[in-house]
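Please have a look at the sequence and the model on the screen, and then I will take you through a few places in it.

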Amino acid sequence: MESAATRLADIESRIAHACKVAGRERSEVTLIAISKTHPAEAVAPLLEAGQRVFGENRVQEAQGKWPQLRERFPGAELHLVGQLQSNKADDAVALFDAIHSLDRPSLVTALAKAMDKAQKRVPLFVQVNIGAEEQKGGCPLAELPALLDQARVAELPVVGLMCVPPLGIEPAPFFAHLDKLASDHGLAGRSMGMSGDFETAIMLGATHIRVGTALFGARG
């Protein structure tokens, strides 16, 4: 089996190459290692290899796994990349360094209250339902301007947009669409691209890529 360090070096090499081809600096792209469903003992080798930004899907899972890991690796940064229930907003604000799943007005309200209470501002990405899929989370395209307006009124630090393109369809047009939406709304962040398509996402402006399987192998 490949070591965590070897897998990380391979991904880093691919990121660097994609950035070079796109005429971008490597520093413009943040690699988020998606550690959801993987136990702490599977995450530690990547931390030891130098990876510092990780993504989790569920607040409760992260609460059980990360406090001890952060004691060992105090520089670790944690991003929430899964759907967030409004009643978990307080916990999410306390635990995460960024949240990629703002997608509805009720969550704007819950996060604003949680951040005011904690006296802490956590960077947010609005998740956009870029493929208009009924079964998938994310803000409908038509409702994005209103949601962004509401977030600004609530003084939430929205830094970018996030998407998960439909499975089995060429992702490039969806990435290009998200890039244009972010540009149109004056947002610098584009959270897009996963293990199978992150090079394409980098070519089309990704600032944050979410890589799980290529770093950890199949989900636990």
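How many disulfides does the count come to by the rule used here? A disulfide is a covalent bond between the sulfur atoms of two cysteines, and the rule asks for a pair of cysteine sulfur atoms within 2.5 Å. By this rule the count comes to zero disulfides.

Before I go further, let me say that this is a predicted model, in which local features need pLDDT of at least 70 and side-chain atom pairs count only at pLDDT 80 or more, while totals for chains, interfaces and linings use all residues. Residues are numbered from 1 along each chain as its sequence is written, and side-chain values use heavy atoms, with hydrogens and water left out.

Back to the cysteines. For Cys19, which is in no disulfide, the nearest cysteine sulfur is that of Cys163, 17 Å away. Cys139 has its closest cysteine sulfur in Cys163 too, and because the distance is 13 Å, the two are too far apart for a bond. Cys19 counts as buried, at 1% relative accessibility, and Cys139 also counts as buried, at 2%; here buried means under 20% relative accessible area, exposed means over 50%, and partly exposed is in between, with a 1.4 Å probe and protein chains only.

Let us turn to the interior. In soluble globular proteins, nonpolar side chains tend to be buried together. The largest nonpolar core in this model has 66 residues, and those with the most contacts inside it are Leu111 and Val126; such a core is a set of buried Ala, Val, Leu, Ile, Met, Phe, Trp, Tyr and Cys residues joined through side-chain atoms within 4.5 Å. Helix H5, residues 105-118, gives the most to this core, with seven residues. Helices (H or I, at least four residues) and strands (E, at least two) are DSSP runs, numbered from the N terminus. Leaving out residues up to four places away in sequence, Val126 touches several others, among them Leu102, Cys139 and Met162, where contact means heavy atoms within 4.5 Å.

Next come the loops. Not counting residues up to four places away in sequence, Asn129 touches Lys136, Gly137, Gly138, Cys139 and Leu141.

In the loop between strand S1 (30-34) and helix H2 (40-48) we find Ser35, which is buried, with a relative accessible area of 0%. Its contacts, leaving aside neighbours within four places in sequence, include Val43, Phe54, Trp66 and Phe216. Thr37 is also in the loop between S1 and H2, and Thr37 is partly exposed, with a relative accessible area of 31%. Phi of Thr37 is near 70°, again a positive value in a residue other than glycine.

Finally, Pro45 is found in helix H2 and is partly exposed, with a relative accessible area of 32%. The C-alpha atoms of Pro45 and Ala4 are separated by 5.9 Å, although these residues are 41 residues apart along the chain.
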